[in-house]
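Thanks for coming, everyone. I have one model to walk through today. Let me put it on the screen.

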Amino acid sequence: MIIDKNIPNYLTILRMISIPLIIMTFYLDDYIFARRLGGSIFIAASLTDFLDGYIARKFNIVSRFGKTFDPIADKVLVACVLLMLVKNGRANEIPCLLILAREFIVSGLRESLIRSKISVPVSNLAKTKTVLQMTAITILIIGTKGSGIPYIDEIGSLMLWVSTILTLISGYSYYKSCSQYFYK
């Protein structure tokens, strides 16, 4: 099977392009369609995160572009949407700030390890955290106003808090895995 070696990179670029589109939907907050569109674009962007990594690993087509921009695109996507959720009063700032702080810390640890040519694999807990976090964010984007489902905002907020706890645990676990390389 012949596959275009740039597909993972195209998916990463698509994820980056989706960010301003999602942000624009927040400025049309009164429209049900805008909330649904924002949630749909966020779901699609989240799926590109999974797909680009899967395709790159399955077909062994890892690129320097992908290694650099895939994690950046993921973090910028989540950071921008969390900021917009807080700005629009749809999410509490404390879990959002904790999630962002963890992402900066883990990114710094990864950068330091890359320079030492050391790789620490992503844990199942971190993968679970990501799925729960993306689900919570999607629910908060769409909300009760966009879905017509009573109390969905509260469910999204609860899921965001749970994903924050998993975020902190997985961040600590990552630090613990990395610490052996820092204190030699």
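Start with Glu 154: is Glu 154 buried, partly exposed or exposed? Glu 154 is partly exposed, at a relative accessible area of 49%. The cut-offs: buried is under 20% relative accessible area, exposed is over 50%, and partly exposed is in between, with a 1.4 Å probe and protein chains only. Glu 154 sits in helix α6. Helices here are DSSP runs of H or I, at least four residues, numbered from the N terminus. Look also at Gly 143. Glu 154 and Gly 143 are eleven residues apart in sequence, and their C-alpha atoms are 8.9 Å apart in space.

A word on provenance. This is a predicted model, where local features need pLDDT of at least 70 and side-chain atom pairs count only at pLDDT 80 or more, while totals for chains, interfaces and linings use all residues. Numbering runs from 1 along each chain as its sequence is written, and side-chain values use heavy atoms, with hydrogens and water left out.

Now the core. A nonpolar core is a set of buried Ala, Val, Leu, Ile, Met, Phe, Trp, Tyr and Cys residues, joined through side-chain atoms within 4.5 Å. The largest one has 28 residues. Which of them touch the most other members? Phe 42, Val 81, Leu 82, Leu 85, Ile 137 and Leu 160 do. The elements that give two or more residues to this core are α1 (7–26), α2 (32–58), α3 (64–87), α4 (93–115), α5 (124–147) and α6 (152–182).

Phe 42, leaving aside neighbours within four places in sequence, contacts Ile 22, Leu 77, Val 81, Met 134, Ile 137, Thr 138 and Ile 141. Contact means heavy atoms within 4.5 Å. Leu 82 is in helix α3. At 1% relative accessibility, Leu 82 counts as buried. With neighbours within four places in sequence again left aside, Leu 82 is in contact with Cys 96, Ile 99, Leu 100, Ile 137 and Leu 160. Glu 93 is eleven residues away from Leu 82 along the chain, and their C-alpha atoms are separated by 8.4 Å.

On to helix packing. Two packed helices are described by the angle between their axes and the distance between the axes. Axes are lines fitted to C-alpha atoms, for helices over the stretch in contact, and angles run from 0 to 180 degrees between N-to-C directions.

First pair: α1 and α2. They pack at about 160 degrees, with axes 9 Å apart. That makes α1 roughly antiparallel to α2. The crossing of α1 past α2 is left-handed, meaning that the near helix is turned anticlockwise from the far one by less than a right angle; clockwise would be right-handed. Residues of α1 in this contact include Leu 11, Arg 15 and Ile 22, and those of α2 include Ile 41, Phe 42 and Asp 49. By class, the contact of α1 with α2 has 13 nonpolar, five polar and three charged residues. Ala, Val, Leu, Ile, Met, Phe, Trp, Tyr, Cys and Pro count as nonpolar, Asp, Glu, Lys and Arg as charged, and the others, Gly among them, as polar.

Lys 129 is in helix α5. Is Lys 129 buried or exposed? Lys 129 is buried, at 5% relative accessible area. Not counting residues up to four places away in sequence, Lys 129 touches Arg 102, Glu 103, Ser 163, Leu 166, Thr 167 and Ser 170. Ser 170 lies in α6 and is buried, at 3%.

Last item: backbone. Most residues other than glycine have a negative phi. Asn 60, in the loop between α2 and α3, has a positive phi, near 50 degrees. Tyr 151, in the loop between α5 and α6, has a positive phi too, near 70 degrees. Asn 60 is exposed at 65%, and Tyr 151 is exposed at 62%.

Technical notes. Angles under 35 degrees count as roughly parallel, over 145 as roughly antiparallel, 65 to 115 as roughly perpendicular and the rest as oblique.
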